[in-house]
Amino acid sequence: MNAEIASVSMAGEQLVAKGLSRKISWLGAFWIASGVPAYVLFSLAELPSTAGNIAWLIWIAIVLFGTIHAFTYAEISGLFPHKSGGSALYGAIAWIPYAKIIGPIMAWVYWLGWTPIITIGCSLAAGYSLETLFPASSIVNTWSFTIINLSSLSPGLSLRVNSVYVLGSFFMLISYFIQRGGVFRTYKTQMMLGVAGLTPLILISLVPLFSGTVDLSRLYPFTPVGSNGWDGFALTSIVGALFLAAYSAYGMEAAAVYTRELSNPKKDTLKAIIFTSIVCLLVYGALPLVFQGYLGMKGILAPGVSSGLGVGDVLADMVGGGIVIKYLIIFALIMTLMLGVQTTMAGSSRALFQASRDGWLPKFLGHINKSRVPTYAMTTDLIFNFLLLSVSNYIYLLVISNVCYITFHYLAVNSAWIHRIDRPNVNRPYKMPKGVFISGIIIGFIDAFLIGMGTDVFGPGALWVGLAVVFSVIPLFIYRHYIVDKGVFPKEYADDIPVDHDHDAGFTKRAGILPYAALASAIIIMLIGYNLGVYTA
């Protein structure tokens, strides 16, 4: 490793002076990450359409999985308080001494797991607005221009431009220009959006439980959709629903992205993750239950609802109160979605920024403006999402993105035990209890199974498309590391990737073949899941 790593040390204070600022407390990180509960809206209708009445229980199970993951990331983020970019960057440091390529893959799949949320959130916000303001038959809602037909990948899939694209692009630009002003301005905006959007979302989750609009008999019996009872197709569909729900629920780890911008990172990272998890447990547990109890399966499967764009109207109707209240609720839901978009643009751009600084991705992404915002990374995010916004089926986009995102989670939760083996004596501001630690590792293997069996529930060949996207970073890494940097990592990365026996860094390479066994296990588990899947009733 000595030949590959520039060995000039740099203190944390120097890193901060040259990089992102430290201006926010744990509360600021919480507000920036508070858009995560909005992600439940992405597949609120798709989940029961896939799994049937059991969908509300699937949400509860998967958000508990996500909470355990979040505590795992609280531990590993505390090891590197001078770094930004989220759990992928902290986890990659554990893997690099064993398999250098895992570093850029983790950064890449983390970014690709997050960035499509900008597209999905803006698309739904635009759809809610247009459905509310114009009749479904209006030319505003019906016109569309197809650019490329992609039905060979998934039936009906295409790149197109329509009113959702135009209005969604406008929402993206608003978020982009807010964030150019710095993390503190982003935090203040998030706090206002949180009050305007998150509070009503919590009320929508709770009020119907006490107003009599929820019929609990609609939550059972647990009958899978389109199957002949509890057969292989039904079980595969449930695994697919767990896979899809993980995309939203696992996002609560977003609070760890802002470690480098916290005024007291060692303490504040854990606090931000805990409070984000509490809100997610509340919303992800209650909202799917009241949504399903209000509509029932017949209502959920109606075309206007199952597409996702009619969900806003349904949630407004659940609360009741006339047309004025309905418009206020729709407005609040749009604010909630924009809260999620803000969270994602802030987090995914910092993931690109740190990956560039660490030598994984192109150098230009490491640029920051005078407000210490990674503007080139943010602009790359924006341009990429202008392209994604033209995809006609956002569920397919979500599924491919989720192959990347759950791949990240598998690698990240396994990095926790590698860190413990190789860095046993390094100070950890937070250390997971043994039971939570072991549970996180077990859930990591479950994640691999979800990818293998669950992905193709949403389209034949989706798993292989997703895996191709996972490995598409390799040419970028080869260009940056071997051509631009001549095989040498940036100087500021030297302290984080020590040599085999770097006692000053508290590191000794002890894990042996275990990391390779974990990688092999993931491949085997995915293939087992894929081959056990039954994709036709």
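In which loop is Lys486 found? Lys486 lies in the loop between α20 (474-484) and β3 (501-502), where helices (H or I, at least four residues) and strands (E, at least two) are DSSP runs numbered from the N terminus. Lys486 is not a glycine, yet its phi is positive, at about 55°. Lys486 has a relative accessible area of 65% and is therefore exposed; the classes are buried, under 20% relative accessible area, exposed, over 50%, and partly exposed in between (1.4 Å probe, protein chains only).

The model is predicted: local features need pLDDT of at least 70 and side-chain atom pairs count only at pLDDT 80 or more, while totals for chains, interfaces and linings use all residues. Residues are numbered from 1 along each chain as its sequence is written, and side-chain values use heavy atoms, with hydrogens and water left out.

The chain as a whole contains 21 helices and four strands. Of its 537 residues, 61% count as buried. Contact means heavy atoms within 4.5 Å, and among contacts in the chain between residues at least 6 apart in sequence, 83% join residues at least 24 apart.

One of the helices, α7 (residues 116-133), is mostly covered, with 16 of its 18 residues buried. The expected span of a helix is 1.5 Å times one less than its number of residues. For the 18 residues of α7 this gives 26 Å, and because the end C-alpha atoms are 26 Å apart, the two values agree.

Apart from residues up to four places away in sequence, Leu287 touches Val40, Leu41, Leu44, Leu201, Ile204, Ser205 and Leu315.

Met378, in helix α16, counts as buried because its relative accessibility is 0%. The C-alpha atoms of Met378 and Ser349 are separated by 4.9 Å, although the two residues are 29 apart along the chain. Ser349 is also among the residues that Met378 touches, together with Tyr176, Gln179, Arg180, Met345 and Val373, when residues up to four places away in sequence are not counted.

The second largest pocket has a volume of about 410 Å³. On a 1 Å grid over the protein atoms alone, a pocket is an open set of points where a 1.4 Å probe fits, with protein on both sides within 12 Å along at least five of seven lines; lining residues have an atom within 4 Å of a point. Grid points are joined across faces, edges and corners, and the volume is the space filled by probe spheres set on the points. Of the 19 lining residues, Phe384, Leu388, Leu397, Ile400 and Val469 are the closest to the centre of this pocket. Helices α6 (102-114), α16 (375-388), α17 (394-422) and α19 (462-470) each supply at least two residues of the lining, and α17 gives the most, with five.

Finally, Tyr479, in helix α20, is partly exposed because its relative accessible area is 45%. Tyr479 and Trp360 are 119 residues apart in sequence and 9.4 Å apart in space, C-alpha to C-alpha.
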